[in-house]
Amino acid sequence: MSLDVAALRQQFPILSRKLDGKPLVYLDNAATTQKPQAVIDALVDYYTTCNANVHRGAHQLADEATRRYEQARDTVAKFINANVREEVIWTSGTTEAINLVANGLGQLLNAGDEVLVTEMEHHANLVTWQQACKHAGATLKVVPINARGELDEAAFAALLSTNTRLVAMPHVSNALGTVNPIKALTAKAKAVGALVLIDGAQGIAHGDVDVQDIGCDFYAFSGHKVFAPTGVGALWGRASVLADWPVWLVGGEMIQDVTYQDATWGALPNRLEAGTPNIAGVLGLAAALDWFNTLDKAAVQQHEKALLASAHEQAEAFDGLRIIGNATNKIGVLSFMLDGAHPADVGFILDRQGIAIRTGDNCAQPLMKKLGIPGTARASFSIYNTLDEVDALFAALRKAKMMLA
Amino acid sequence: MNLPSSQEIIDDLAFFDDWEQRYQYIIDLGKAIDGLPEDQKIPERLVKGCQSSVWMASRIHEGRIQFDVDSDAVIVQGLLALVLAAYNDKTPAQILAFDIDGYFTELDLERHISPTRGNGLRAIVSKIQALARSATT
């Protein structure tokens, strides 16, 4: 069955916007996805009908809000196939989720310990570990990538040792679109006794994420990359690891007993969720996943594949265009450079034609440096994009080339 | 460097009715300024944006501030030329009195100078204004 993209687009009110009189062509989905009406409605409905603080009210409204809020945890747990619902910790997004783990790890690391990351990290999955290592006197090791933008798996294996306490890697590279073989690499890391964290920011919207199948210890993701509001996301962590993971944020909600001089922590998931959470965001995230689950997954994946295939085909035929990232297993992202044109200029000219892309270092400065480029132009696709929009991108690029090169 | 005045630029840009001509004009304006030689693009002069980088050098000559600017992106370089047309070789008092936001609004380019754009343009304007302020005290 193929995806009815026209009907799908109808559910995203923003997609009918015009910019400077031209229809919006939104190709910045790796930065954030647009929101279907069902998600917008969930936010409005929460504030309209049952706004109350969760877990502590002695009234009906609070009961109702708490029930919906905890049901949302079930929704996420099911979406990623968690072992138990308590393994889902609400965060503000991927960055906060990784910080939660990195802060705890910082307290567990000793001098001589090692943390392994990759050359393709987003800053969120690099600066966190780099700083944790710095404070603990531990060593950060970096797995190189090959010319196609794939992880060097032999180097990965060689860099692992019994000193490796944690391996952090992206499910999908935000800058290159590379899909990493996270299951196989996780198995290698677990064999030396390391913990494994997967940065799922770019992975969550594209595939069937199954944390049990991956075998990792942590999977971090943001709601806004999967059609949910900004400011909400989750850390999934293996219950046995999270149960006594050092607490990060302390305060209300997360305690068991408090005296003026001391405190003890509550049980999972509360012990890692201090303060009033983003309740509306959590309900929006559940609405987004419920909505996403109504789609035919196979048809969605087929459509995404077709979009990227068309983009690649046209990019390869485009004189003076260099694709950045040519992994065999790639999804969602076309990063590129136009000969003689700075990515920022390309972005300007495309923007003027109603086409929204990302330009710059893609929050991956060390990677750009390694590739020897100032940054890239990046078109990133989602399920509501059309093949016509891919064509529009290249028509706009021809104009950019004419004006700039 | 022979730049038109800010008023001439406003008049010139009002003359074009399609965006391509306007951007072409801005790009050409950027090419008309000298920029900085590579060896003068030192870190202290760098204003780093997430999307593009700009460099600026300045000196005071007979009570007026003169600027050299450069960017690795041609449209940013053109926008810098617009900024220079307003600020270059002016007294600190003239610089501080100039309504740069009004100017960019009149040029219909205000979104390019907004702080949300990571192109370094806003940072350059703030630097120029700070220089002018410190020159008057």
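Me: In which sense do β5 and β7 of chain A pair, and over how many bridges?
Reply: This is a predicted model, and in it strand β5 (residues 114-118) of chain A pairs with strand β7 (residues 164-170) of chain A in the parallel sense, over three bridges.

Me: Which residue is the bridge partner of A:Leu116 in β7(A)?
Reply: That's A:Val167.

Me: What order do the strands of that open sheet in chain A come in?
Reply: Seven strands line up as β4-β10-β9-β8-β7-β5-β6 in chain A, with mixed pairing. β4 (88-91) and β6 (139-143) of chain A each have a single partner strand, so they stand at the edges with one side left without a neighbour in the sheet. From one strand to the next, the twist averages 20 degrees.

Me: Which strands does helix α5 of chain A touch?
Reply: Helix α5 (residues 127-136) of chain A packs on the sheet against β5, β6 and β7 of chain A. Its direction makes about 150 degrees with that of β6(A).

Me: Switching to chain B: at roughly what angle do α3 and α7 cross?
Reply: The axes of α3 (residues 74-87) and α7 (residues 121-136) of chain B cross at roughly 20 degrees and come within 11 Å. Because angles under 35 degrees count that way, α3(B) is roughly parallel to α7(B). The crossing is right-handed.

Me: Nice. Which residues make the contact?
Reply: From α3(B) you have B:Val76, B:Leu79, B:Leu80, B:Val83 and B:Tyr87, and from α7(B) there are B:Leu121, B:Ile124, B:Val125 and B:Ile128.

Definitions and conventions:
Residues are numbered from 1 along each chain as its sequence is written. Chains are lettered from A and ligands numbered from 1 in the order in which they are written. This is a predicted model: local features need pLDDT of at least 70, side-chain atom pairs count only at pLDDT 80 or more; totals for chains, interfaces and linings use all residues. Axes are lines fitted to C-alpha atoms, for helices over the stretch in contact, and angles run from 0 to 180 degrees between N-to-C directions. Helices (H or I, at least four residues) and strands (E, at least two) are DSSP runs, numbered from the N terminus. Angles under 35 degrees count as roughly parallel, over 145 as roughly antiparallel, 65 to 115 as roughly perpendicular and the rest as oblique. A crossing is left-handed if the near helix is turned anticlockwise from the far one by less than a right angle, and right-handed if clockwise. Two residues are in contact if their C-beta atoms, placed from the backbone, lie within 7 Å. Two strands pair if DSSP finds at least two bridges between them.
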